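Have the structure open and follow along.

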Amino acid sequence: MISGCFQHIVLFFLLSSGIRSLDCNHIVKCQEGGTVNIMKLLESMGPKMIPLRCFNKIQDFAFPIGNDTGSIKEDARATVGLMLEQINRIFWQNFTKAEWNMTVAEHVQISLDQQLVQWEKCSVAENGKKATFKDVRMKLKLRKYFLRLDTFLKNEEYSSCAWEAVRYEIMGIQLVFLDQLLRTLQR
């Protein structure tokens, strides 16, 4: 029993020391591939175009960050982490009314989970603790944005059309922006 416990302790220290020594640039490259994979999965889990009956649900959720990623370079790691965390959380909500391929939807959930775990390793690798925002306003803007998505889904009772609007929002803005931000981090 003691030797088994000792093995677990040794394994824990080996794994945790490996996390600190990770090459964050490698993780960023993997994240780019992961983002492309998630985009393809999101595209294939539902209709190619938003159904005509759902057009009245499309709205501008006012994504708070423009194309200029230069203004948030200092907060890039924290921004990526928060976005992945929030996108992941959204896709773990009730989408039983969504008319999606549930096998693909499960793959989206798994891929988002994996990407978030990898990113957290990169976030911690830099200085031993999770990346934080230097510009707290950016964090608040992103949180409010994701709250708008949550509120919309709740108000629409997680309807199929509401989920389509959110899926297209995430495909159209966030993952494209996330990809640009990851490219910025590689420079």
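Accessible areas here come from the Shrake-Rupley method with a 1.4 Å probe, and for residues only the protein chains shown count as cover. On that basis, the chain has an accessible surface of about 10600 Å², with 58% of it belonging to carbon and sulfur atoms.

A word on the source: this is a predicted model, in which local features need pLDDT of at least 70 and side-chain atom pairs count only at pLDDT 80 or more, while totals for chains, interfaces and linings use all residues. Residues are numbered from 1 along each chain as its sequence is written, and side-chain values use heavy atoms, with hydrogens and water left out.

**Overall fold**

The chain has six helices and zero strands, giving the pattern α-α-α-α-α-α along the sequence. Helices (H or I, at least four residues) and strands (E, at least two) are DSSP runs, numbered from the N terminus. Among contacts (heavy atoms within 4.5 Å) with a separation of 6 or more, 87% link residues 24 or more positions apart.

**The disulfide**

How many disulfides does a search of the whole structure find? The search finds one, a disulfide being a pair of cysteine sulfur atoms within 2.5 Å. The partners are C54 and C161, with their sulfur atoms 2.0 Å apart. The link is left-handed, with -65 degrees about the S-S bond. C54 lies in the loop between α2 (24–44) and α3 (76–90) and C161 in helix α6 (residues 160–186), so the pair ties together parts that are 107 residues apart in sequence.

| Residue | Relative accessible area | Class |
|---|---|---|
| C54 | 0% | buried |
| C161 | 10% | buried |
| D150 | 8% | buried |
| I58 | 43% | partly exposed |

D150 sits in helix α5 (residues 136–155). Leaving aside neighbours within four places in sequence, D150 touches R89, I90 and Q93.

I58 is in the loop between α2 and α3. Together with L52 and F55, I58 forms a nonpolar patch on the surface, with about 330 Å² of accessible area in total. Patches are made of residues with over 30% relative accessible area and no salt bridge, with like charges joined within 9 Å and nonpolar side chains (Val, Leu, Ile, Met, Phe, Trp, Tyr) within 5 Å. A salt bridge is a side-chain nitrogen of Lys or Arg within 4 Å of a carboxyl oxygen of Asp or Glu.

Key
Buried means under 20% relative accessible area, exposed over 50%, partly exposed in between (1.4 Å probe, protein chains only).
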